[in-house]
Amino acid sequence: MDRKQVMKMFNKETRIGVLATSNKNGDVNAAVFGSPRMINEDTVIMAIGDNRSLQYLQENPKASFIVVEPGEAPTTWKGARLYLEMDSFERYGELLDSFREKIRKVAGDRSANAIIAAIRFKVMDVRALIAPPN
């Protein structure tokens, strides 16, 4: 898939996104996230609270993010599967502060204060939401 097109879709406010993670034992987790942004063709950033996704990422830095842009019917939906690896985890700094400020404006103090870290992921691979049959 063309990463420039993926980045455009990824950064839309109207998209749905799910982060899938797995811990060191192979237990899996999937959670809806609105904060992730693709800042270039190879990097995704996101804000995160103290939750299972964060716990699992600290044990296993690999994750997948599915982004979906709904259409009239499932056959017209657009989307992509991004395969990620956590590059950095920041509990302080400019990136975290910027996420908190954006979240504060949209969802209020309580939601902003629940954010405890900012994460940078390397994009390892990108695939279509629905792969054509072989």
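This is a predicted model: local features need pLDDT of at least 70, side-chain atom pairs count only at pLDDT 80 or more; totals for chains, interfaces and linings use all residues.

Student: Okay, pockets. Which elements each supply at least two residues of the lining of the largest pocket?
Tutor: Those are β4 (43-49) and α3 (94-107).

Student: And which one gives the most?
Tutor: α3, with five residues.

Student: What volume does the largest pocket have?
Tutor: About 460 Å³.

Student: What's the lining like by class?
Tutor: Nine nonpolar, five polar and five charged residues.

Student: Back to Arg37. What is its bridge partner in β4?
Tutor: Ile45. The strands involved are β3 (residues 37-40) and β4, which pair in the antiparallel sense over three bridges.

Student: How many residues does the hairpin use to join β3 to β4?
Tutor: Two.

Student: Next one down. What about the volume of the second largest pocket?
Tutor: About 180 Å³. Its lining includes Met1, Gln5, Met9, Glu69 and Lys78.

Student: Which elements give two or more residues there?
Tutor: α1 and β6 (78-90). The largest share, four residues, comes from α1.

Student: And how does that lining split by class?
Tutor: Three nonpolar, two polar and four charged residues.

Student: Switching to rings. How many aromatic pairs does the structure hold?
Tutor: One. The partners are Phe10 and Phe65, with ring centres 5.1 Å apart and planes at 45°.

Student: Why is the pair called tilted?
Tutor: Planes under 30 degrees apart would count as stacked and over 60 as edge-to-face, with the rest tilted. The planes of Phe10 and Phe65 are at 45°, so their pair is tilted.

Student: What parts does the pair tie together?
Tutor: Phe10 lies in helix α1 (residues 3-10) and Phe65 in strand β5 (residues 62-69), so the pair ties together parts that are 55 residues apart in sequence.

Student: Are Phe10 and Phe65 buried or exposed?
Tutor: Both Phe10 and Phe65 are buried.

Student: Which residue has its charged end over the ring of Phe10?
Tutor: Arg15. Its charged end sits 5.2 Å from the centre of the Phe10 ring. So far, then, Phe10 has come up with two partners: Phe65 in the aromatic pair, and Arg15 over its ring.

Technical notes
Residues are numbered from 1 along each chain as its sequence is written. Side-chain values use heavy atoms; hydrogens and water are left out. Rings of Phe, Tyr and Trp (its six-membered ring) pair if their centres lie within 6.5 Å; planes under 30 degrees apart count as stacked, over 60 as edge-to-face and the rest as tilted. Buried means under 20% relative accessible area, exposed over 50%, partly exposed in between (1.4 Å probe, protein chains only). A charge sits over a ring if NZ of Lys or CZ of Arg is within 6 Å of the ring centre and within 35 degrees of the ring normal. On a 1 Å grid over the protein atoms alone, a cavity is a set of points where a 1.4 Å probe fits but cannot get out, and a pocket is an open set with protein on both sides within 12 Å along at least five of seven lines; lining residues have an atom within 4 Å of a point. Grid points are joined across faces, edges and corners, and a volume is the space filled by probe spheres set on the points. Ala, Val, Leu, Ile, Met, Phe, Trp, Tyr, Cys and Pro count as nonpolar, Asp, Glu, Lys and Arg as charged, and the others, Gly among them, as polar. Two strands pair if DSSP finds at least two bridges between them.
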